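This note sets out a number of points for a reader who is new to protein structure. Please keep the sequence and the model at hand while reading.

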Amino acid sequence: MPSKAKTGKKLVIVESPAKSKTIAKYLGEGFIVEASIGHIRDLPQPSELPAELKKTSVGKFAVDIDHDFKPYYVVSADKKKKVTELKAALKDADELYLATDGDREGEAIAWHLLEVLKPKVPVYRMTFGEITKEAIQRAMGNLRDVDTALVDAQETRRVLDRLYGYEISPVLWRKVARGLSAGRVQSVVTRMVVDRERERMAFKAASYWDLTGQFGADAGSFKAKLAAVDGAKVASGRDFNDDGVLTSKNVAHLNEELAASLAAGLQDASFTVRSVDTKPYTRRPAAPFTTSTLQQEAGRKLRFSSKSTMQVAQRLYENGYITYMRTDSSALSDEALTAARRQASELYGPEYIPQSPRVYTGKAANAQEAHEAIRPAGDSFRTPAQVAKQLSGDEFRLYELIWKRTVASQMADAKGSTATIRLGAVAADGRDAEFSASGTVITFPGFLAAYEEGKDETRGDEDSDDARRLPNVAKGDALTASEILAVGHETSPPPRYTEASLTAELEKRGIGRPSTYASTISTIQDRGYVRKQGSALVPSWIAFSVIRLLEQHFSDYVDYEFTADMEGDLDKIANGQAVGASWLRHFYFGEDSDPGLLSIVNNLGEIDAREINSIPITDEITLRVGKFGPYLESSAATVDPKTGEIVESPRANVPEDLAPDELTAAKAIELMETAAPEERVLGTDPHTGHTVVAKNGRYGAYVTEVIPEMTEEQIAAQPVEYYKNGKPKPPKKPVKAKPRTGSLFKSMTVESVTLDEALQLMSLPRALGEDAEGNLITVQNGRFGPYLKKGTDSRSIGSEEEIFTITLDQALEIYSQPKQRGARAAVPPLAEFGPDPVSEKNIVVKEGRFGPYITDGITNITVPRATSLEELTREQAVELLAEKRAKGPVKRTATRKAPAKKKATAKK
């Protein structure tokens, strides 16, 4: 068979279309660049396996657990067309270049392409950390084979996540709620948020007092704070533990009375400077960005979510503006060091760069140094001003942040001096009071001329002195005192995690990979385990139940060190120091005294679902996590005042926007005392004989009928059905009839609604009659108020009460008028948050067809279901709009109308 003729074409495959367009600009003639659009195959759901595999060792996970945990991959349905296109392009190519990302996932995509395309031409693996002409040329000179160790590590991670999720999630379904999921990293991250909330719930505040005063000298005045009384340091927040107990020894703990008397005794005292201590101040720049630090800083400075940060960074990378955005390394290449130093010198002066380049190394647990830090792309950097017109608002802001951080990392230290003044006096009652003030003066800004790193909220911030310039005073100088005030404080609980601080903690502990932090934090919010309150992450009560079950029955799998060690093991596989199949075998089946996941799942024993879903709030009140959300239940016996009988334990719904640490004993008692009755019997429907009740549901008050279940005698009396062999079938349990229901009008309550009103509400929709064409017109109540309906034509009416009074003639009159679109009175916005920092348009929340949404008049985003309007903040609104912008406009494929077929003309 003759060999295929040479075409001179070279096929290059990358992951994304944007990346393919950018690379194509830098490759010479003969190169064809195609995008796989991510992974082309994955593990199917077990239910999608071929019938012959479902009863084999592959059937449970789509992974062959008896044969080295070999995955059973299938080409995704939406990728079959793409695979066909790639195979067709490969037929015309003499060489194949796999240019997917250089991390584990990119290596796995390249391997999957090899497995599916089965090329018969030379294959080369090409990787680059940035998409520039110089980087592509360097990559072409450093071609290699697919790294099987990296592939093994990624495949092991994929199989591990399948085993973990498919074994543990069903336990959550049975004991907590359907639809929940467990994940190797997801569950541990949820536990971190829950643990922080537990700390806040257990926290006991302690009070302490100190003094502040304004002091004047010839050179100027300054503010100082009481530091010591009779030589003993004044207690501050750091001297108390979370139980409110003073733990430091030899400190003066002032209460209100002592502080007030000391302030009064110092009103006429003579203050002098006791010491002036000046020290040199030096501050070094932060390292260039890694994936983790970029997410943290974008969260602090730009109010981006982790997910939004990575979406914007992905676009910047694919379009050639920054280097690869998934990296643990803070190192810069020689070319980048030269570019950063040259730009700093040009913009700020040669004195702003140190004599030799700064070299940074990773400090995080399990850090990998495979990639360079995130920096502007190229051997010479473009300034933000040079790219401003080419980038969207969010892209520009993130590029500017990366550019500033990179250039600043190669600049000189900030220099200055820090002065501490100690001053004192003796109070009228003989107590010696010493005050202190500190200030820093920057004499050479160094890197601060370009950039200053942000910081997260920490406890004790209120105790720190502000950096400020102090007057030039000397020991022994007399000072005038004014405004000496006693100031009270309370210790604060540990601050909740924000996305930025949670990312920092995950990196510090070595849990998960920085490249997955954004998706993990997004997942725990999407699953309903965590919601945002401002920028703080607040766990739901269902998260408490999930973590409690996992801690009690799968303790290793939510242990922080165990999870970090697992990452270390996966890194060994990536480095070729271990084999994935052996590691998975030990993880799943266990070894010697170390039980595997399978053994733990098979020997769970009895799990008390009620106990798992119960959290005591007081001795008598317990929070329960139920099917329809959390509620409070009292164990105290409740007696019906009319009958004297003990009735069902009273309950109260828990507001969705109430954070767990806010559900104190006092709040629980208040909710129980003010709770509306869950159910009130209104009477009997005279037509059906069914009892009608009014209830308070999770989504509002409503009325419904109680349909009694059939008795065993009634079931047995049903007609008997028979099998084909003549034997009788067992009696079927009848399908439960759906009760009629109706939401209460806004003017009604559970306590006030009557039986007649309830019967009317349950009768809706109400038929008014037909129009001249025979179309039925009905009136009913909807989410946006009462309305008429005729086929697909709906018309709003005035008030809910009109539902029962409007006539057919009135309805026909409304339908005779043209449908008013946009002519209704303008509805005021539900909330306003001021101008958006990007569009500078006013941000408002409006009621839409599918619920409330946030808009600046340009970008719209639905308010997340987990966020109530009452707790929605400006920061959240800005962040949600930024995230929506980061995704870009929704691309709609144009539908072409097929050309009309030509009519055949008859032959003459």
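Two strands are said to pair if DSSP finds at least two bridges between them. The model discussed here is a predicted one.

1. One of the residues involved is Glu832, whose bridge partner in β36 is Val844. Gly848 has Gly851 as its bridge partner in β37.

2. The sheet β27-β28-β29-β30. These 4 strands form an open sheet in that order, with antiparallel pairing. Because β27 (679-684) and β30 (741-743) stand at the edges with a single partner strand each, one side of each is left without a neighbour in the sheet. From one strand to the next, the twist averages 20°. Strand β28 (residues 691-697) runs antiparallel to strand β29 (residues 700-706), and 7 bridges join them. Within this pairing, Thr691 stands opposite Val706 in β29.

3. The sheet β31-β32-β33-β34. Here too there is an open sheet of 4 strands with antiparallel pairing, in the order β31-β32-β33-β34. Its edges are β31 (766-770) and β34 (793-796); each has a single partner strand, so one side of each is left without a neighbour in the sheet. Neighbouring strands of this sheet are turned by 25° against each other on average, direction ignored. β32 and strand β33 (residues 785-790) run antiparallel and are joined by 6 bridges. Val779 has Leu788 as its bridge partner in β33. Helix α24 (residues 808-816) lies across β31, β32, β33 and β34, and runs at about 80° to β33.

4. Gln780. Is Gln780 buried or exposed? The relative accessible area of Gln780 is 14%, and buried means under 20%, so Gln780 is buried. This residue is placed in strand β32 (residues 776-782). The side chains of Gln780 and Thr778 are joined by a polar contact of 3.0 Å. Leaving aside neighbours within four places in sequence, Gln780 is in contact with several residues, including Pro765, Tyr787 and Ile803.

5. Aromatic pairs. A pair of aromatic rings is described by the distance of the centres and the angle of the planes. The structure holds 23 aromatic pairs. In one of them, the rings of Phe69 and Tyr588 have their centres 6.1 Å apart and their planes at 85°, so the pair is edge-to-face. This pair links distant parts of the chain, 519 residues apart: Phe69 is in the loop between β4 (63-64) and β5 (70-71), and Tyr588 is in helix α18 (residues 580-589). Both Phe69 and Tyr588 are buried. A further pair is that of Phe215 and Phe271, which is edge-to-face because the planes stand at 65°, with the ring centres 5.0 Å apart. Phe215 lies in strand β9 (residues 207-217) and Phe271 in strand β13 (residues 271-283), so the pair ties together parts that are 56 residues apart in sequence. Phe215 is buried at 1% relative accessibility, and Phe271 is buried with a relative accessible area of 1%.

6. Aromatic cluster and charges over rings. Phe61, Phe69, Tyr166, Tyr588 and Phe589 form one aromatic cluster. Elsewhere, the charged end of Arg191 sits over the ring of Tyr560, 4.3 Å from its centre. Arg196 lies over the face of Tyr497, at 4.3 Å from the ring centre.

7. Backbone points to check. Most residues other than glycine have a negative phi, and most peptide bonds are trans. Leu764 and Pro765, however, are joined by a cis peptide bond, with omega about 0°; Pro765 lies in the loop between α23 (755-762) and β31. Asn250 is not a glycine, yet has a positive phi of about 60°. Asn250 is placed in the loop between β11 (232-234) and β12 (251-252) and is exposed, with a relative accessible area of 73%. Glu483, also not a glycine, has a positive phi of about 55°. Glu483 lies in strand β16 (residues 478-490) and is exposed, with a relative accessible area of 57%.

Terms used
Residues numbered from 1 in each chain as written. Predicted model: local features only at pLDDT ≥ 70, side-chain atom pairs only at ≥ 80, totals over all residues. Heavy atoms only, no water. Helix = DSSP H or I, 4+ residues; strand = E, 2+ residues; numbered from the N terminus. Axes fitted to C-alpha atoms, helices over the stretch in contact; angles between N-to-C directions. Buried < 20%, exposed > 50% of the residue type's maximum accessible area, 1.4 Å probe, protein only. Polar contact = N/O pair within 3.5 Å; in protein donor to acceptor, adjacent residues only side chain to side chain. Contact = heavy atoms within 4.5 Å. Phe/Tyr/Trp six-rings, centres within 6.5 Å; stacked < 30°, edge-to-face > 60°. Lys NZ or Arg CZ within 6 Å of the ring centre and 35° of its normal.
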